[in-house]
Amino acid sequence: MLLEKEKKFEEVFRTHFQELHRYAFKILGDSDAAQETVQQVFLKLWEKDGQYDIHTSIRAYLYRAVYNESINLLKREQHKARYQAHQQYTNRDESFLHQNDHELKQQLYAALSKLPEKSRMVFEMSRFQELKYQEIADALSLSLKTVEGHMTKALKHLRVHLADYLNIVTLIIMTRL
């Protein structure tokens, strides 16, 4: 019985392989991919022997199977290409952000160095040490309103000195969310 199965399968394979290969090549545009696709269809046919309910002719079934396999291959290739493009974009973007992040930090520290001492200290305690205004006021023996005034002064100064970097800051903040 196995010998009969092999002979029948070989006959179907020899009869239809070339025409299915041409058909797959028309869809895929690549001879190797077309050959792989047709072989995949025949492999599935061999593995599922007798389990397929072929309601049409074997030829029509094979053409439909090659078509479906080819379309699936094209979809996988598209997904792979989109993923690779995304990875390249992400890597380029991360490199761009890292360079600009470094440059922005330099500009930030340069702008902070031009602030009066108390305003700089209040800003650094608030933004870098993440202390609340009341905690800053207690630590520096200042009133809450004075701390708020120093922060307003510092933020206004930074807005003016870092205006050219506003787009970069926005981009960096958005990518880290």
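**His-157**

I started with His-157, which sits in helix H6. This is a predicted model, so I'm reading computed positions throughout. Is His-157 buried or exposed? Its relative accessible area is 16%, and the cut-off for buried is under 20%, so His-157 counts as buried. Next I looked up what it touches. Leaving out neighbours within four places in sequence, I found His-157 in contact with Ala-111, Lys-114 and Leu-115.

**H4 against H6**

I stayed with H6 and checked how it meets H4. I noted that two packed helices are described by the angle and the distance between their axes. Here the axes come within 8 Å and cross at roughly 90°. Angles of 65 to 115 degrees count as roughly perpendicular, and therefore that is what I call H4 and H6.

Which residues meet? From H4 I listed Lys-118, Ser-119, Val-122, Phe-123, Ser-126 and Arg-127. On the H6 side I wrote down Val-147, His-150, Met-151, Lys-153, Ala-154, Leu-155 and Leu-158. Sorted by class, this contact has seven nonpolar, three polar and three charged residues.

**The cores**

The largest nonpolar core here has 15 residues. Inside it, Leu-112, Val-122, Phe-123, Ile-136 and Leu-158 have the most contacts. I then asked myself which helices supply at least two residues each. They are H3 (58–113), H4 (117–127), H5 (133–140) and H6 (144–161). The largest share is four residues, and it comes from H6.

Not counting residues up to four places away in sequence, Leu-112 touches Arg-120, Phe-123, Glu-124, Phe-128 and Leu-158. Apart from this core I found another one, of 14 residues, including Ala-24, Val-41, Tyr-61 and Val-66.

**Two loop residues with positive phi**

Last, I checked the loops. Glu-130 is in the loop between H4 and H5. Its phi is near 55°, a positive value in a residue other than glycine. Buried or exposed? The relative accessibility of Glu-130 is 66%, and over 50% is exposed, so I put Glu-130 down as exposed.

Ser-141 belongs to the loop between H5 and H6. This residue is not a glycine either, yet I read a positive phi of about 55° for Ser-141. With a relative accessible area of 65%, Ser-141 goes into my notes as exposed.

How values were computed. Residues are numbered from 1 along each chain as its sequence is written. This is a predicted model: local features need pLDDT of at least 70, side-chain atom pairs count only at pLDDT 80 or more; totals for chains, interfaces and linings use all residues. Side-chain values use heavy atoms; hydrogens and water are left out. A nonpolar core is a set of buried Ala, Val, Leu, Ile, Met, Phe, Trp, Tyr and Cys residues joined through side-chain atoms within 4.5 Å. Buried means under 20% relative accessible area, exposed over 50%, partly exposed in between (1.4 Å probe, protein chains only). Contact means heavy atoms within 4.5 Å. Axes are lines fitted to C-alpha atoms, for helices over the stretch in contact, and angles run from 0 to 180 degrees between N-to-C directions. Angles under 35 degrees count as roughly parallel, over 145 as roughly antiparallel, 65 to 115 as roughly perpendicular and the rest as oblique. Ala, Val, Leu, Ile, Met, Phe, Trp, Tyr, Cys and Pro count as nonpolar, Asp, Glu, Lys and Arg as charged, and the others, Gly among them, as polar.
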